[in-house]
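Biologist: Could you walk me through this one? I'd like to hear what each label rests on.

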Amino acid sequence: MRAAGSVGAVSPARRCSRTACGRSAVNTLTYVYADQTAVLGPLATYAEPHAYDLCDVHSERLSAPRGWEVLRLAPDPTAQGPSSDDLLALADAVREAGRPAPAPVPLHSTDDPSRGAKRGHLRVLTSTD
């Protein structure tokens with residue numbers, strides 16, 4: 001028996017937002033008030049305060065207010081996890097970031113005879129007679 005005021009173990013899995021429902025959430029419901037649309041899609045990556053996580057039973061029973069449209073977005077089965085293209089792009093980006101930066105090219109080279117010999121911040125110009 002737990003002591004008064006103590007909290008039991010909390011599951012890291014997200015639960016259905018419906019009152020008294022203890023099932024795991026599988027979909028996320030959001031509303032687009034400007035379009036009078038309820039959007040039910042795959043479970044969002046993280047919980048948001050203005051979205052509702054629903055279990056499969058409550059997702060199937062979902063209805064919207066009169067005049068509203070329910071848009072049900074099915075998960076793309078091919079989009080589960082990163083693709084090989086995503087992984088290759090990530091590897092290329094890491095390789096590129098790890099390369100040393102090229103040496104900067106000076107704006108004025110001291111080897112250019114037409115510019116004169118460079119000494120500190122002063123330049124000696126030679127006459128071209």
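**Aromatic rings and their labels**

Modeller: Let's start with Tyr 33, which is exposed, as its relative accessible area is 62% and exposed means over 50% (buried is under 20%, partly exposed in between, with a 1.4 Å probe and protein chains only). This is a predicted model, where local features need pLDDT of at least 70, side-chain atom pairs count only at pLDDT 80 or more, and totals for chains, interfaces and linings use all residues. Residues are numbered from 1 along each chain as its sequence is written, and side-chain values use heavy atoms, leaving out hydrogens and water.

Biologist: What makes Trp 68 count as partly exposed?

Modeller: Its relative accessibility is 22%, and that falls between the two limits, so partly exposed it is. Tyr 31, at 30%, gets that label too.

Biologist: Which ring does Tyr 33 pair with edge-to-face?

Modeller: Trp 68, at 5.7 Å centre to centre and 85° between the planes. Tyr 31, Tyr 33, Tyr 52 and Trp 68 form one aromatic cluster.

Definitions and conventions:
Rings of Phe, Tyr and Trp (its six-membered ring) pair if their centres lie within 6.5 Å; planes under 30 degrees apart count as stacked, over 60 as edge-to-face and the rest as tilted.
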